[in-house]
Amino acid sequence: AKEGILWKQLCQLWKMTPKIIEGMFKGAKVMDEYIEGTNDITERCHSDECPKDELFADKYEEFMADFEEVMPSVGGLMSGLISRARLHRMFRNCEGAEDHLIHMCMDLTGNPTSEMGHMMVKLASFPEIQETKSSEEFVHKLENSKVSDDFLELYNEYIKKFGCRGMREIDVATPRTYENQAQLFDTLKQIDVESNQIINVRQRRDDAYRALLKMAQDMNKENAFVHHASNIQS
């Protein structure tokens, strides 16, 4: 059994190799292919198209087969990892560069955890959260459609995208967010919408980029920096 798993992993790595090479030159294109493929699979999961008389295990195998077709595109990540290592080497003797590199790699495009954070802050800023005193009251409003259309649209999008997540989510027995929306309200209620790191994280990322660009220009390495920074942020 172990030999079979090892062989399957080696085959998957072999399929990734062309995408790793392509990703070094067209990282954004390869990652777009990966995101598009995984989004299609996610949409199918949400569509509830599985017939009632079909075994879950059979449907799971079907989805995993589709996912294995998408997996080679993960090789495109290698370009970003290589570029990150190159930038750390480029700025290894520059004071303050390490912090700037950390900030420049925050809130990157395609990061679902970052997207989830931004959406939570936006939800928390609605009157439906700010002016509601308890989770019981919030659930009552939801069940009786006593929330605005704008809030409900964003809330439903959040549940669709991230409702399967939660604390200790790696354990399949752990209740998901969509199963305990009262707890989601409690989490949103704790968010400080006036002073929150997520709100200004993009500004900090842009400031870090400009600071590193100035360092690179002083070192006559502007083109190399722009190339590697683009690979990381694509």
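Tutor: When residues are sorted by type, Ala, Val, Leu, Ile, Met, Phe, Trp, Tyr, Cys and Pro count as nonpolar, Asp, Glu, Lys and Arg as charged, and the others, Gly among them, as polar. This is a predicted model, where local features need pLDDT of at least 70 and side-chain atom pairs count only at pLDDT 80 or more, while totals for chains, interfaces and linings use all residues. Residues are numbered from 1 along each chain as its sequence is written, and side-chain values use heavy atoms, with hydrogens and water left out.

Student: Ok, how many helices and strands are there in the protein?
Tutor: Eleven helices and zero strands. Both are DSSP runs numbered from the N terminus: helices are H or I with at least four residues, strands are E with at least two.

Student: And how much of the protein is buried?
Tutor: Buried residues are 32% of the 234 residues. Buried means under 20% relative accessible area, exposed means over 50%, and partly exposed is in between (1.4 Å probe, protein chains only).

Student: New topic: how much space lies in the second largest pocket?
Tutor: About 420 Å³. On a 1 Å grid over the protein atoms alone, a pocket is an open set of points where a 1.4 Å probe fits, with protein on both sides within 12 Å along at least five of seven lines; lining residues have an atom within 4 Å of a point. Grid points are joined across faces, edges and corners, and the volume is the space filled by probe spheres set on the points.

Student: Which residues lie nearest the centre of that pocket?
Tutor: R165, G166, M167, T177 and Q183, out of 17 lining residues. The lining divides into seven nonpolar, six polar and four charged residues.

Student: Which helix gives the most to the lining?
Tutor: That's α9, with three residues. Helices α5 (112-124), α8 (149-162) and α9 (181-189) each supply at least two.

Student: What about aromatic pairs, how many turn up in the whole structure?
Tutor: Eight. Rings of Phe, Tyr and Trp (its six-membered ring) pair if their centres lie within 6.5 Å; planes under 30 degrees apart count as stacked, over 60 as edge-to-face and the rest as tilted. In one of them, F126 and F151 have ring centres 5.4 Å apart and planes at 70°, so this pair is edge-to-face. F126 sits in the loop between α5 and α6 (127-130), and F151 is in helix α8, 25 residues apart.

Student: Are those two buried or exposed?
Tutor: F126 counts as buried because its relative accessibility is 17%, and F151 is buried at 0%. Y209 and F225 also pair up, in a tilted way: 5.2 Å centre to centre and 45° between the planes. Y209 belongs to helix α10 (residues 197-218) and F225 to helix α11, 16 residues apart. Y209 is partly exposed at 23%, whereas F225 is buried at 0%.

Student: Which residues of α11 are buried?
Tutor: F225, H228, A229, N231 and I232. Seen down the helix axis, the buried residues of α11 fall within an arc of 155°, so they line one face of the helix. That arc is taken from the directions from the helix axis to the C-beta atoms.

Student: Last one: how far apart are M104 and R210 in space?
Tutor: 9.5 Å, C-alpha to C-alpha, though they are 106 residues apart in sequence. M104 is in helix α4 (residues 97-104) and is buried, with 0% relative accessible area.
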